[in-house]
Amino acid sequence: MIANFTLFLLFLAFLTTVTAKRCKGVALPDDFDGSDWPEMWRLRSGMGEREEENRRTPNVAVSPSVLARAGVQHWKLDPSPYDYPGKAIPWNDTVEDPELAAIREEFDYNYADIISVTSRVESFWDEHFHGDKTIRYMLNGTGYFDLRSVDGDWVRIAVQPGDFFEWPAGIYHRFTVDTGNFITAMRLFRGSPVWTAYSRDEIGGNHTVRQEYIDTFLCGVDPDSDDEEYGGHESKKKGKKIFNQESKDTKDEKQRKKGKKGKRIRFGNNHL
């Protein structure tokens, strides 16, 4: 009798775990079309230089639906006919791009600025989330955004001119230039811009915005929880040290973090 009851409890735990995994992410419409999304792939363990592609062998391509289920939206525009500046903070609509204007009006992106990045920036590489949606339009050059899928894996996005992204508040991500060491991007915002970022290895899931993301996209299952049954994150178990090989800090980043006070990183006007 006891053995049967134990088996029953184990079966219930298994069903709970499977159900949690299946319900992660939002449902996509039947007509979802990701054909104009940029190329994406899974990162390999034990990354080399972050500016390299760092593909697995063999390469593991990622379908656009993976990030779409995590709340990411993408549009493909064409900035090439227009003379966008390399830097403008703020940018005062000096270029008449009707496609961009239509998106800004529809979604009320009233603030915009333009920045260029020409080398690696350590703070961009710190895994973090924002308290508001991230909205970026790539104007020139190339680079990599890494975003966490609903299963917690890194997905690398090779962004190019014309890629316009919006992803929800609370999703973990980071950015690096690629080997070209150059990208120009427009940053858009609803209302006055707020560039505060929340570092995963310091705050974990302990934030209202992050919890809202967890409830909406992760079935309420926090990957930073201590509960191993639901994939408890090593950042909770080992002094908040990120366990993924590709998330490990460089020496410079560790030194920078030792001097931090509090749980926020302010990236200021140079934050991509």
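**Close-up views of cores and rings**

**View 1. Arg-148 lies over the face of Trp-154.** The distance to the ring centre is 4.0 Å. In a second example, the charged end of Arg-55 sits over the ring of Trp-41, 3.7 Å from its centre. (A charge sits over a ring if NZ of Lys or CZ of Arg is within 6 Å of the ring centre and within 35 degrees of the ring normal.) This is a predicted model, where local features need pLDDT of at least 70, side-chain atom pairs count only at pLDDT 80 or more, and totals for chains, interfaces and linings use all residues. Residues are numbered from 1 along each chain as its sequence is written, and side-chain values use heavy atoms, leaving out hydrogens and water.

**View 2. The largest nonpolar core has 30 residues.** Such a core is a set of buried (under 20% relative accessible area, 1.4 Å probe, protein chains only) Ala, Val, Leu, Ile, Met, Phe, Trp, Tyr and Cys residues joined through side-chain atoms within 4.5 Å. Leu-67, Phe-145 and Ile-157 are among the members that touch the most others. Another core, of 16 residues, lies apart from it and includes Leu-77 and Trp-91.

**View 3. Trp-37 and Phe-165 form an edge-to-face aromatic pair.** Their rings are 5.8 Å apart, centre to centre, with 85 degrees between the planes. (Rings of Phe, Tyr and Trp, its six-membered ring, pair if their centres lie within 6.5 Å; planes over 60 degrees apart count as edge-to-face.) Phe-165 is buried, at 0% relative accessible area, and Trp-37 also counts as buried, at 10%.

**View 4. One aromatic cluster includes Trp-75, Tyr-82, Tyr-84 and Trp-91.**

Note on methods
Buried means under 20% relative accessible area, exposed over 50%, partly exposed in between (1.4 Å probe, protein chains only). Rings of Phe, Tyr and Trp (its six-membered ring) pair if their centres lie within 6.5 Å; planes under 30 degrees apart count as stacked, over 60 as edge-to-face and the rest as tilted.
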